[in-house]
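Here's a quick briefing to read with the model open.

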Amino acid sequence: EQGKGTGLGLSAVYGTVCMHRGELTVKSEVNKGTIFHILLPLSEEKSSKSEVPKIIGKSNGTVLLIDDEDIIRTVGKSLLEDFGYEVLTAENGEEGVVLYQEQQDKISLVLLDMIMPKMGGIETFRAIKKINNNAKVIIASGFTREESVSDLKKEGLFGFLSKPYRRSELAEVLGI
């Protein structure tokens, strides 16, 4: 809906396309519309569909998943539950900080989106660390500068995931 959201969706797409050595072109005409072309290089690797999926271990505990995108919360919750976690969700940083404050004794890990309306990921990360300096926080983002992640690691960031991430990448950063 016009006027809603952060307006950063296209930059996240652009970051993902660049990360995969692709190109993005745009053609736009007033009152006619906009056309986006995404070009990605052909992979020489064989499809992994025939491979047997790696068995990922089970874990336990409670994860607080904070993301403004409903589909990310839904899929993330499902993946985390498959790993054995109980999952609490929040749709923005403000809601996530309140939920963390209320249930910090129960929450063993926070999986946090970097770019959100109301309260961004960095601000949310710092608010959670003020509540509990030992909180384990993983930030996920489709578009972020390496310097930002390095600075946050100095402040106690537990891990970082590039979006979109695979099940195996999530399991690796979780240590399972």
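**The chain at a glance**

Of the 176 residues in the protein chain, 34% count as buried (under 20% relative accessible area; exposed is over 50%, partly exposed in between, with a 1.4 Å probe and protein chains only). Keep in mind that this is a predicted model, where local features need pLDDT of at least 70, side-chain atom pairs count only at pLDDT 80 or more, and totals for chains, interfaces and linings use all residues. Residues are numbered from 1 along each chain as its sequence is written, and side-chain values use heavy atoms, with hydrogens and water left out.

**Overall layout**

- The protein chain has six helices and seven strands (DSSP runs numbered from the N terminus: helices are H or I with at least four residues, strands E with at least two).
- Reading from the N terminus, the order is α-β-β-β-α-β-α-β-α-β-α-β-α.
- Take contacts (heavy atoms within 4.5 Å) between residues at least 6 apart in sequence: 58% of them join residues at least 24 apart.

**A closer look at helix H2**

- On the buried side of H2 you'll find Arg73, Gly76, Leu79 and Leu80.
- Viewed down the axis of H2, these buried residues fall within an arc of 140° and so line one face of the helix (the arc is taken from the directions from the helix axis to the C-beta atoms).
- Those buried residues pack against strands S3 (62-66), S4 (86-90) and S5 (107-113), plus helix H6 (167-174).
- Turned away from the buried side, the other face carries exposed Asp70 and Ile71.
- Just after H2, Gly84 takes a positive phi of about 105°.
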